[in-house]
Amino acid sequence: MPENTPETRPFTATPATPPAYAVPANTVLESLETSSAGLTAIEAERRLAQYGPNLLPKATGPGPIIRFLRHFHNILIYVLIAAALVTAALGHFVDTGVILAVVIANATIGFIQEGRAERAMESIQAMLRVKAGVFRDGKRVSIDSQNLVPGDIVVLEAGDKVPADLRLFETNGTYIQESMLTGESVPVEKNTGSVDVDTALGDRVGMAYGGTLVTAGQARGVTVATGRESEIGRISGMLSGVETLTTPLVLQINIFAKWLTLLILTVAALLLVFGYFVSHQPFADMLMAVVGLSVAAIPEGLPAVLTITLAIGVQAMARRNAIVRRLPAIETLGSVSVICTDKTGTLTRNEMMVRSAVTRTSSYQVEGNGYAPEGSVTPLDSNADPAGMKALHELARAAALCNDAGIAEQDGVWHVNGDPMEGALLAFSAKVLGDHGAIADGRPRRNAIPFDSRHRFMATLHETPDGQGVIYVKGAPERLVEMCATERLPAGETRPVDRAYWLEMAETLAQDGQRVLALATGPAVAGASSLSPADLTGALTLVGLVGLIDPPRPEAIAAIADCREAGIRVKMITGDHPGTAAAIGRQIGIERPEGVMTGADLDRLDDAELARRIMGVDIFARTSPEHKLRLVMALQAHGLTVAMTGDGVNDAPALKRADAGIAMGLKGSEAAREAADIVLADDNFASIAAAVREGRTVYDNIKKVISWTLPTNGGEAMTIIVALLVGMPLPISPVQILWVNLVTAVTLGIVLAFEPTEPNTMRRPPRRRDEPLLGPELAWHIVLVSILFLAGVFGMFSYAVDRGYTPELARTIALNTLVVMEIFHLFFIRNIYGTSLNLKALAGTRLIWTTIAVLTAAQFAITYIPALQTIFGTQSVPLGDGLLIVAIGVVLFVILELEKQLRLTLQRANKRPAPS
Ligand code: ATP
């Protein structure tokens with residue numbers, strides 16, 4: 001447990017002052033020259049200039065020189081350096097120079113790309129700024145937590161991350177999880193008391209430390225230390241490890257590349273022995289050949305290209321509003337086979353409006369637009385008793401008072417400050433009663449029980465103008481009907497509650513897709529200032545119901561259809577009423593005959609039974625966050641890759657357990673974001689589908705990079721081995737091979753990292769979670785293309801030798817054949833799932849054509865420019881042979897395409913069910 005000495009942590013400038021946790025909160029407020037109403041904006045600005053922003057010191061990673069040198073610490077590069085030494089020892093200094101130049105170029109490209117990728121990651125992470133609720137100029141506002149200053153009054157709520165070190169002066173069932181600082185994962189209860197100076201950090205009950213998480217309740221505190229002065233700031237060097245740009249898949253490939261290198265070195269050594277002792281070739285020649293082989297077979301450029309592919313994937317997702325917090329999620333997203341999603345705000349717009357109101361005797365239709373407090377409220381029954389309006393007025397009063405939101409007009413449009421549902425209630429209340437502000441002023445709030453998705457109600461305690469206490473409650477109808485003993489009649493009197501009536505009315509509204517809330521009221525002791533659940537039991541009177549509409553997002557409807565086509569199941573998991581959930585499900589295309597399962601149904605099933613039933617049900621209603629965890633596990637039991645959304649603090653376990661945990665960026669709590677792999681900047685379901693599409697694209701592109709790179713190496717290596725075995729001169733020299741591997745392979749390989757999504761990406765079923773990347777299909781492709789490369793290169797070399805060309809010219813022809821074949825192979829690889837033989841596929845992208853143009857120019861340069869001819873040992877190729885080389889590329893393309901079509905046809909035939 002990090003210990004903390006009082007002298008190092010004064011909350012004012014004087015070292016003699018005892019630490020904030022050891023003195024009463026009032027003393028801290030005084031000494032920071034602030035009050036519970038907060039600082040003024042001007043003072044806050046002054047303090048920001050004095051204390052600096054509330055940012056944690058950056059972890060100081062290694063400097064640029066070390067980072068540059070790190071690119072040499074790689075077995076592939078060691079082999080190249082050894083090759084340079086061998087060539088130097090043999091006096092082939094041109095080769096040595098080229099190899100070293102390539103080694104340095106490789107490190108430089110890696111260094112620059114890594115820096116770029118890291119900066120891109122940082123800027124994406126910066127989109128995840130933490131907000132803090134503070135009081136400035138006496139008003140509650142939400143600010144970027146980096147603008148927090150000592151003396152600021154901060155409001156904490158369940159799910160918040162504490163933005164700086166706070167001395168608490170008001171707590172309400174506050175629990176904070178401090179494992180970040182203490183290692184203790186059980187949340188500790190906080191109060192406003194002070195403790196001894198030498199109390200350990202974990203026992204300082206009156207403090208909330210920056211970086212810890214509020215798991216329950218609410219609190220207010222005064223900021224005593226920010227940024228590097230805070231407890232976490234002082235140890236953050238230990239915490240903020242820089243995430244390297246890698247994923248399990250890439251790691252696996254890097255390990256594969258290392259083993260491949262060792263294998264190649266072993267084969268090279270055996271060849272050396274064979275050539276020298278068996279074929280009796282000169283040792284120096286053999287050594288050069290073996291160097292050529294090692295250089296040829298090792299995919300030097302692969303790690304750099306894979307890193308770039310990932311970085312591009314992260315950026316593409318950020319553009320689609322999905323911010324990746326943990327890199328492996330990119331891979332997982334590509335294999336998601338079921339998405340469990342919230343309803344409110346994700347599938348619907350979370351733009352609410354009260355459409356219906358129901359009292360014991362009448363139903364009303366509410367008209368209006370958005371959150372504007374204007375619109376008519378008309379009884380559906382024209383003979384309605386005007387006296388019944390009394391109950392409607394009480395309903396509107398409860399709606400306005402049991403409410404934490406505000407609505408305000410800006411540029412002619414009404415906006416909500418807070419929960420949209422509560423904003424809609426305020427607009428409704430104003431439509432019935434006029435100014436809702438006046439209602440609130442007349443009945444000041446004394447205390448509240450906040451809404452919790454587990455108990456599904458919220459209650460407030462108010463003082464009436466005549467000094468009496470009154471309670472207002474709103475919540476899920478089933479819940480409130482249970483809590484109420486009586487119901488309100490039109491003229492104001494009460495009688496025992498008719499539960500069946502209210503539940504039936506709620507069901508009717510829900511069937512129409514409306515979100516239903518019940519509102520109740522009850523008496524409280526005069527002068528009471530605290531409210532507990534015990535005050536609510538048995539003493540409440542049900543006043544009425546309201547039904548709210550929340551239209552589905554049109555883009556979510558389209559995204560659900562996309563998911564269905566992509567073989568991805570979508571399951572809605574909501575806290576809402578089953579009727580409402582089913583109606584919304586119908587509107588957006590999530591519907592199954594088995595219907596809706598509720599949280600209560602889930603509780604009745606054991607895990608095995610749940611796993612059996614879960615595949616048949618797509619809508620889960622009246623669930624609590626705990627149910628989400630069970631649902632994730634039940635789906636995973638079927639081998640599915642599960643994406644789960646969440647926003648509340650209690651959703652964290654399910655988000656962690658899911659294969660891809662997705663938190664809401666707008667309405668989500670900090671706790672949910674911390675637990676998630678991905679944060680949605682716009683809370684929109686369509687962004688999840690877009691992220692899955694990007695995930696699939698990244699996986700495909702990684703696969704394409706590998707499928708394209710490895711056969712090139714395989715073909716080169718086989719060419720050399722065959723030449724050695726048959727005792728022919730090498731068709732391509734080591735320097736030329738290096739050129740191919742590092743210059744052409746990296747430039748063309750990077751093109752694949754930028755490949756756009758293939759048209760049928762979202763029409764394929766999800767890849768199996770355990771599907772190996774380097775599976776039989778890829779292995780076959782590598783072998784096939786390697787053999788074709790061997791045939792092409794060797795064939796052209798033999799052809800040139802036969803025609804009596806010089807060895808240099810023969811090599812130049814072989815080299816150009818290899819590069820041309822690489823280019824045609826690239827066009828083939830772009831469409832691994834469909835045909836490459838249509839105009840769109842052949843048209844390629846601008847990037848492809850630019851790269852090919854540059855590469856062709858470079859190839860012409862090393863073939864025809866005399867200075868480069870000396871370095872690369874090349875000679876000008878006659879036109880006729882040049883055309884022949886291009887023809888070889890075309891032949892390769894045709895063979896590969898025919899093989900692919902044959903394979904795809906066979907696969908389709910195998911999948912088709914046998915006729916019965
Ligand atoms: P989802 O986002 O998954 O669709 P939800 O918003 O429907 O979830 P909750 O927020 O858990 O689910 O709400 C569940 C129920 O609790 C609502 O249907 C409503 O009846 C009630 N409720 C929601 N918010 C409040 C609130 N602020 N005060 C009182 N009751 C509420």
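How many disulfides does the count come to in this structure? The count comes to 0 disulfides. Cys402 is in none, and the nearest cysteine sulfur, that of Cys484, is 12 Å away. The model is predicted. The protein chain has 916 residues, and 54% of them count as buried.

**Overall architecture**

- The protein chain contains 31 helices and 27 strands.
- The C-alpha trace spans about 115 × 85 × 55 Å along its principal axes.
- The chain is divided into four listed parts: domain 1 (20-42 + 130-238), domain 2 (248-312 + 694-911), domain 3 (318-348 + 554-690) and domain 4 (353-549).
- The centres of domain 1 and domain 2, taken over C-alpha atoms, are separated by 59 Å.

**Cysteines**

- A disulfide requires two cysteine sulfur atoms within 2.5 Å.
- For Cys563, the closest cysteine sulfur is in Cys340, at 12 Å, which is too far for a bond.
- Cys563 counts as buried because its relative accessibility is 0%.
- Cys402 also has 0% relative accessibility, so Cys402 counts as buried.

**Ligand contacts**

- Asp576 places a polar side-chain atom 3.0 Å from an oxygen atom of the ligand.
- Lys343 contributes through its backbone: one of its polar backbone atoms is 3.2 Å from an oxygen atom of the ligand.
- Glu422 uses its side chain, with an N or O atom 3.4 Å from a nitrogen atom of the ligand.
- Taken alone, the ligand exposes 620 Å², and the protein buries 90% of that.

**Make-up of the ligand shell**

**Arg767**

- Arg767 sits in the loop between helix H25 (734-753) and helix H26 (776-802).
- Is Arg767 buried or exposed? Arg767 is buried, because its relative accessible area is 16%, and the cut-off for buried is under 20%.
- A polar atom of the Arg767 side chain lies 2.9 Å from the backbone oxygen of Glu331.

**Arg446**

- Arg446 belongs to strand S15, which covers residues 445-449.
- Arg446 counts as partly exposed because its relative accessibility is 38%.
- Arg446 and Ile308 are 138 residues apart in sequence. In space, C-alpha to C-alpha, Arg446 and Ile308 are 57 Å apart.

Conventions:
Residues are numbered from 1 along each chain as its sequence is written. This is a predicted model: local features need pLDDT of at least 70, side-chain atom pairs count only at pLDDT 80 or more; totals for chains, interfaces and linings use all residues. Side-chain values use heavy atoms; hydrogens and water are left out. Buried means under 20% relative accessible area, exposed over 50%, partly exposed in between (1.4 Å probe, protein chains only). A polar contact is a pair of N or O atoms within 3.5 Å; within protein, one must be able to donate a hydrogen and the other to accept it, and residues adjacent in sequence count only if both atoms are side-chain atoms. Accessible areas come from the Shrake-Rupley method with a 1.4 Å probe; for residues, only the protein chains shown count as cover. Helices (H or I, at least four residues) and strands (E, at least two) are DSSP runs, numbered from the N terminus. Domain bounds come from an automatic or database domain assignment.
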